[in-house]
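Here is a short note for your review.

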Amino acid sequence: MNRLSGKTALITGASSGIGKATAKELAKVGVNLTLLARREELLNELKDKLIEINSDITIEIIVADVRDRDDISIKLKDRVFDILINNAGLASGLDKIQNGDIDDWEKMIDTNIKGVLYVTKAIINGMIAKNSGHIINIGSIAGHQVYPLGNVYNASKYAIKALSEAINIDLVGTNIRVSSIDPGAVETEFSIVRFHGDSDRASNVYNGFTPLKGEDIAETILFVLNAPEHVNIQNILVTPTAQRNVYITHKEL
Ligand SMILES: NC(=O)c1ccc[n+]([C@@H]2O[C@H](COP(=O)([O-])OP(=O)(O)OC[C@H]3O[C@@H](n4cnc5c(N)ncnc54)[C@H](OP(=O)(O)O)[C@@H]3O)[C@@H](O)[C@H]2O)c1
């Protein structure tokens with residue numbers, strides 16, 4: 001049963017990876033889409049693909065940086081959505097704290113935590129006013145277990161786990177659902193960004209096993225969104241079959 005046709009969704013970080021794949025899945029089931037990211041050209045390319053997938057939906061692009069509090073509040077002012085997917089995020093660097101780059105830390109904290117808060121704040125009151133909506137936060141396995149050199153990225157995703165649980169409590173008594181979907185290793189631009197554009201180092205991360213694809217997480221998001229309104233799937237941890245926790249991945253090298 002398709003319970004999503006005709007709904008409206010805002011997806012942050014829609015220009016790549018999980019966000020892009022999610023836009024395609026939601027287009028297929030007739031969701032009207034607002035796509036937010038910084039790279040306008042990629043959003044426009046995606047818009048063209050989405051029109052090919054489903055010419056009956058509306059597709060809007062918002063070029064914005066989720067770290068820019070004022071711009072986010074202006075561009076999302078008075079906007080009402082049925083679905084918010086807080087997906088924009090990144091890891092930047094992989095170092096011990098004593099060797100870490102403070103600029104990397106600020107990027108992760110400002111994007112992964114503050115960006116989610118700014119966007120959520122802009123949208124949540126519109127959902128409360130109509131007493132319906134679904135917020136999906138993309139957390140991570142890194143928000144369940146810390147791993148060596150993960151420090152600040154881990155902290156940012158532990159924060160998302162806490163916020164997803166806290167916002168669920170804040171919204172008790174409303175019909176608004178809050179879900180955190182927490183992936184293990186997904187092959188996207190994530191590792192290229194983490195290693196500051198070093199694509200050889202990035203592709204090594206996925207050597208020897210089959211990682212998740214953005215589409216795998218998009219299918220999970222679709223399942224969670226399509227549950228009946230009285231069903232609130234609060235958390236799903238999704239890993240590749242080869243990966244059983246943050247440390248244990250079977251690799252055939
Ligand atoms: N890949 C994994 O293994 C993995 C595992 C667990 C969780 N995650 C989480 O999944 C989410 C999506 O990541 P991905 O794997 O799909 O990586 P990705 O391919 O690098 O996509 C990240 C998206 O976030 C957007 N973004 C980054 N900073 C932004 C900012 N300041 N303002 C607006 N948009 C911004 C990027 O768009 P622009 O650059 O165009 O702005 C891009 O669309 C992230 O929250 C990540 O932490 C990923």
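1. Residue classes are used as follows: Ala, Val, Leu, Ile, Met, Phe, Trp, Tyr, Cys and Pro count as nonpolar, Asp, Glu, Lys and Arg as charged, and the others, Gly among them, as polar. On that basis the lining of the largest pocket divides into 26 nonpolar, 15 polar and nine charged residues.

2. This is a predicted model, in which local features need pLDDT of at least 70 and side-chain atom pairs count only at pLDDT 80 or more, while totals for chains, interfaces and linings use all residues. Residues are numbered from 1 along each chain as its sequence is written, and side-chain values use heavy atoms, with hydrogens and water left out.

3. A pocket is an open set of points, on a 1 Å grid over the protein atoms alone, where a 1.4 Å probe fits, with protein on both sides within 12 Å along at least five of seven lines; lining residues have an atom within 4 Å of a point. Volume is the space filled by probe spheres set on the points, which are joined across faces, edges and corners. The largest pocket holds about 1300 Å³. Its lining has 50 residues, with Ala91, Tyr153, Thr188, Phe190 and Ser191 nearest the centre.

4. Helices (H or I, at least four residues) and strands (E, at least two) are DSSP runs, numbered from the N terminus. H6 gives the most to the lining of the largest pocket, namely four residues.

5. The second largest pocket has a volume of about 180 Å³. It is lined by 14 residues, and Lys7, Gly133, His134, Arg177 and Glu229 are the closest to its centre. Four of the lining residues are nonpolar, four polar and six charged.

6. Nine salt bridges are found in the whole structure, each being a side-chain nitrogen of Lys or Arg within 4 Å of a carboxyl oxygen of Asp or Glu. One of them joins Glu189 and Arg39, with 3.1 Å between the closest N and O atoms. Glu189 lies in the loop between strand S6 (176–183) and helix H6 (190–194) and Arg39 in the loop between strand S2 (32–37) and helix H2 (40–53), so the pair ties together parts 150 residues apart in sequence.

7. Relative accessible area is called buried under 20%, exposed over 50% and partly exposed in between (1.4 Å probe, protein chains only). Glu189 is partly exposed at 29%, and Arg39 is partly exposed at 38%.

8. Lys114 and Asp110 form a salt bridge at 3.4 Å. Both lie in helix H4 (residues 102–130), four residues apart, about one turn of the helix.
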